[in-house]
Amino acid sequence: MSKKSDFVILDLLDKSENKSEDMISILEHIHHHYIPHTAEDHPQIIRKKVLGGNVLTNERAYSAQLAVLNGASDFEQISGVIHRPEGLHRMMNLCLVTNLQHC
């Protein structure tokens, strides 16, 4: 929390996260454009990034990663994202903690 956050609003893709092949394609797009990696024939991830979204989006992204675990490298396994639920879910958790402390 001592450093400024590094974030980016991603491209709009004409894909549905409801389909596993589309979710894999979405994560591959994120890896190629937003995850720092080496410029080789078989790239390696330099630094992972947080993928924020609702719980269902994170669940689908995790399932997509599991589907490609047989990749030769961490980059091919699309493992450069760390899943974290955001928005309403985080706010509700904060409200629950605050409520428990004051009751």
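Trainee: In which strand is Leu51 found?
Mentor: Leu51 is found in strand E1. Helices (H or I, at least four residues) and strands (E, at least two) are DSSP runs, numbered from the N terminus. Please note that this is a predicted model, in which local features need pLDDT of at least 70 and side-chain atom pairs count only at pLDDT 80 or more, while totals for chains, interfaces and linings use all residues. Residues are numbered from 1 along each chain as its sequence is written, and side-chain values use heavy atoms, with hydrogens and water left out.

Trainee: How many helices and strands does the protein chain have?
Mentor: The protein chain has three helices and two strands. Read from the N terminus, their order is α-β-α-β-α.

Trainee: Is Leu51 buried or exposed?
Mentor: Buried means under 20% relative accessible area, exposed over 50%, and partly exposed in between (1.4 Å probe, protein chains only). Leu51 has a relative accessible area of 13%, so it is buried. Of the 103 residues of the protein chain, 26% count as buried.

Trainee: Which residues of strand E1 are on its covered face?
Mentor: In strand E1 (residues 49-53), the covered face holds Lys49, Leu51 and Gly53, whereas Val50 and Gly52 are on the uncovered one.

Trainee: How many bridges join E1 to E2?
Mentor: Two strands pair if DSSP finds at least two bridges between them. Here five bridges join E1 to E2, and the two strands run parallel. Lys49 stands opposite Val81 in E2, and Gly52 stands opposite Arg84 in E2.

Trainee: Which unit do E1, H2 and E2 make?
Mentor: A crossover is right-handed if, with the strands pointing away from the viewer, the path from the first strand over the helix to the second runs clockwise. E1, H2 and E2 make a right-handed β-α-β unit.

Trainee: Which residues have the most contacts inside the largest nonpolar core?
Mentor: In soluble globular proteins, nonpolar side chains tend to be buried together. A nonpolar core is a set of buried Ala, Val, Leu, Ile, Met, Phe, Trp, Tyr and Cys residues joined through side-chain atoms within 4.5 Å. The largest one here has 14 residues, and Leu27, Ile30, Leu51 and Val81 have the most contacts inside it. The elements that give two or more residues to this core are helix H1 (20-34) and H2. H1 gives the most, with five residues.

Trainee: Which side chains meet in a salt bridge?
Mentor: Side chains of opposite charge can pair when their charged atoms come close. A salt bridge is a side-chain nitrogen of Lys or Arg within 4 Å of a carboxyl oxygen of Asp or Glu. The structure holds one salt bridge, in which the side chains of Arg60 and Glu17 meet (3.0 Å, N to O). Arg60 lies in helix H2 and Glu17 in the segment before H1, so the pair ties together parts that are 43 residues apart in sequence.
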